[in-house]
Amino acid sequence: MFSKKEDKLEKSTSAKITIKPVAKSDLEKMIQSASGKTPRETLVIEFVDSLMIYADAQRASDIHFEPKQDNRAITRLRIDGILRDEFELPIELHSQCIARLKIMTDMRSDEHRAPQDGRFSFKTQNEIVDVRASLIATVYGEKAVLRLLSGTTHGLSLTDLGFSEIDLNRLQAQIKKPWGMILATGPTGSGKTTSIYAVLEELNRREVNISTIEDPVEFKIGEVNQSQVDRAAKFTFATGLRSLLRQDPDIIMVGEIRDSETAKIAVNASLTGHKLLSTLHTNDAATTIPRLMDMGVEPFLVASTFNCAIGQRLMRRVCDKCVKSISISKNDLEGKMPEAIISALFEKSENIEVAQAVGCEACAKSGYRGRIGIYEILVNTAEIQKLITDHAESSDIKQRAVQQGMTTMEQDGARKVLAKISTIEEYMRVLHE
């Protein structure tokens with residue numbers, strides 16, 4: 001699959017990455033110099049190091065090294081949630097980059113078929129960026145995906161994340177409760193962990209003992225006791241949570257509730273007077289309740305321990321350097337998008353003014369720069385508790401929550417479109433693609 005030449009790279013795990021800013025043209029020159037021949041070791045090291053700096057400067061959350069057919073490979077960056085093709089690499093340079101990554105992450109350089117994981121960090125002008133690396137074999141060779149954990153998303157307060165005043169007040173009222181579960185829900189990449197970290201920062205005081213079990217620890221928080229899942233040591237979310245309960249905690253954060261065992265222990269921890277924060281993969285806030293029941297938690301336990309669920313998505317912000325305003329009439333959109341969306345956008349108006357993405361150098365011609373959350377906060381009221389114990393469907397729970405004042409993600413997204421924070425196209429992509 002790959003030549004053994006890649007094993008000749010110097011086996012040093014120290015990632016001494018340059019801090020000097022890197023332009024795209026610099027990387028393209030390196031790629032050009034590596035075309036048609038086996039690249040020099042120094043070139044490979046410089047290219048990988050420079051790519052890290054460049055990706056971080058572009059605000060990328062992920063870097064993909066992908067081998068393709070016809071003896072070529074591409075490097076893609078995920079920026080603001082969207083993957084972009086950035087560079088096309090000679091296959092020789094790609095294979096040497098994979099080898100370099102194995103060295104930097106202490107992976108086995110002679111293993112080319114089994115999946116491998118590792119991590120390293122590098123320093124920029126402003127911070128230290130942690131990188132989680134994952135390698136897997138494909139039909140064309142080894143593919144690597146690097147997750148860049150930048151500290152710029154850590155330390156954000158709840159007000160920085162885009163909560164409306166109403167939702168923020170609802171959430172802070174639940175945070176102040178001395179026990180119970182607060183769950184952030186949504187698909188992968190919807191910002192759940194960032195929201196939970198923001199809640200954790202709000203609760204972080206000297207008079208309480210906060211302990212976490214995470215996979216992995218994405219950001220280090222001062223004064224918080226953070227532990228990482230270690231399957232080799234049989235330290236999973238479930239076993240780790242059991243151990244944390246013997247550490248006299250006031251507040252516990254579990255990175256994710258993935259299975260029945262973890263869910264039951266989490267509920268019991270909340271039942272015995274602990275405040276528990278976690279994330280869960282669901283489509284919206286109301287689906288959290290039947291999801292916990294599917295994991296084997298009794299309805300009466302869910303009703304008595306569940307405080308609130310934060311349903312969320314991430315929507316790209318329109319670039320403020322090139323944004324334009326346009327007027328749209330209700331008739332223009334009828335039949336082209338769901339009626340619920342049209343109602344949320346227009347309410348009693350026939351015409352609205354919204355932002356239009358244009359594209360400029362500042363946003364790499366995309367028209368967007370940065371992201372903002374759209375949210376719904378489902379609070380476990382007395383009426384919701386009764387629905388839970390009656391095994392109600394998630395649709396009935398959501399309907400009752402809306403009657404009690406819950407703002408849905410569709411409504412929150414519509415408000416941000418009308419405020420010209422994002423566009424109708426982005427709103428549709430996130431919620432109804």
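**Helix packing, cysteines and selected residues in a predicted model**

Student: In this predicted model, at roughly what angle do the axes of helix α1 and helix α2 cross?
Tutor: Helix α1 covers residues 24-34 and helix α2 covers residues 41-57. Their axes come within 10 Å of each other, and the crossing angle is roughly 155°.

Student: Are α1 and α2 roughly parallel or antiparallel to each other?
Tutor: The axes cross at roughly 155°. Angles over 145 degrees count as roughly antiparallel, and α1 and α2 are therefore roughly antiparallel.

Student: Which residues of α2 make the contact with α1?
Tutor: On the α1 side, the contact is made by Lys24, Leu27, Met30, Ile31, Ser33 and Ala34. By class, the contact of α1 with α2 has 8 nonpolar, 2 polar and 2 charged residues. The α2 side consists of Leu43, Glu46, Phe47, Ser50, Leu51 and Tyr54.

Student: Is α2 roughly parallel or perpendicular to helix α3?
Tutor: Helix α3 spans residues 91-104, and its axis comes within 9 Å of that of α2, with a crossing at roughly 75°. Angles of 65 to 115 degrees count as roughly perpendicular, so the arrangement of α2 and α3 is roughly perpendicular.

Student: How many nonpolar residues does the contact of α2 with α3 have?
Tutor: From α2, the contact draws on Val44, Ile45, Phe47, Val48, Asp49 and Met52. From α3, Leu93, Gln96, Cys97, Arg100, Leu101 and Met104 take part. By class there are 2 charged residues, 1 polar residue and 9 nonpolar residues.

Student: Is Asp80 buried or exposed?
Tutor: Asp80 lies in the loop between β2 (72-79) and β3 (82-90). Its phi is near 55°, a positive value in a residue other than glycine. The relative accessible area of Asp80 is 7%, and since the limit for burial is under 20%, Asp80 is buried.

Student: Is His391 buried or exposed?
Tutor: His391 is located in the loop between α12 (382-389) and α13 (394-403). Phi of His391 is positive, near 60°, in a residue other than glycine. With a relative accessibility of 54%, and with over 50% as the cut-off, His391 counts as exposed.

Student: What distance separates the C-alpha atoms of Gln404 and Val379?
Tutor: Gln404 is found in the loop between α13 and α14 (409-418), and is partly exposed, with a relative accessible area of 29%. Leaving aside its neighbours within four places in sequence, Gln404 is in contact with Arg170, Thr381, Glu383 and Ile384. Val379 is 25 residues from Gln404 along the chain, and their C-alpha atoms are separated by 9.4 Å.

Student: With which residues is Leu277 in contact, leaving aside its neighbours within four places in sequence?
Tutor: Leu277 is found in strand β11 (residues 275-280) and counts as buried at 0% relative accessibility. Phe163 lies 114 residues from Leu277 along the chain, with a C-alpha separation of 18 Å. The residues in contact with Leu277 are Ile182, Ile196, Val199, Leu200, Leu203, Ile251, Ile252, Met253 and Val254.

How values were computed:
Residues are numbered from 1 along each chain as its sequence is written. This is a predicted model: local features need pLDDT of at least 70, side-chain atom pairs count only at pLDDT 80 or more; totals for chains, interfaces and linings use all residues. Side-chain values use heavy atoms; hydrogens and water are left out. Axes are lines fitted to C-alpha atoms, for helices over the stretch in contact, and angles run from 0 to 180 degrees between N-to-C directions. Helices (H or I, at least four residues) and strands (E, at least two) are DSSP runs, numbered from the N terminus. Angles under 35 degrees count as roughly parallel, over 145 as roughly antiparallel, 65 to 115 as roughly perpendicular and the rest as oblique. Contact means heavy atoms within 4.5 Å. Ala, Val, Leu, Ile, Met, Phe, Trp, Tyr, Cys and Pro count as nonpolar, Asp, Glu, Lys and Arg as charged, and the others, Gly among them, as polar. Buried means under 20% relative accessible area, exposed over 50%, partly exposed in between (1.4 Å probe, protein chains only).
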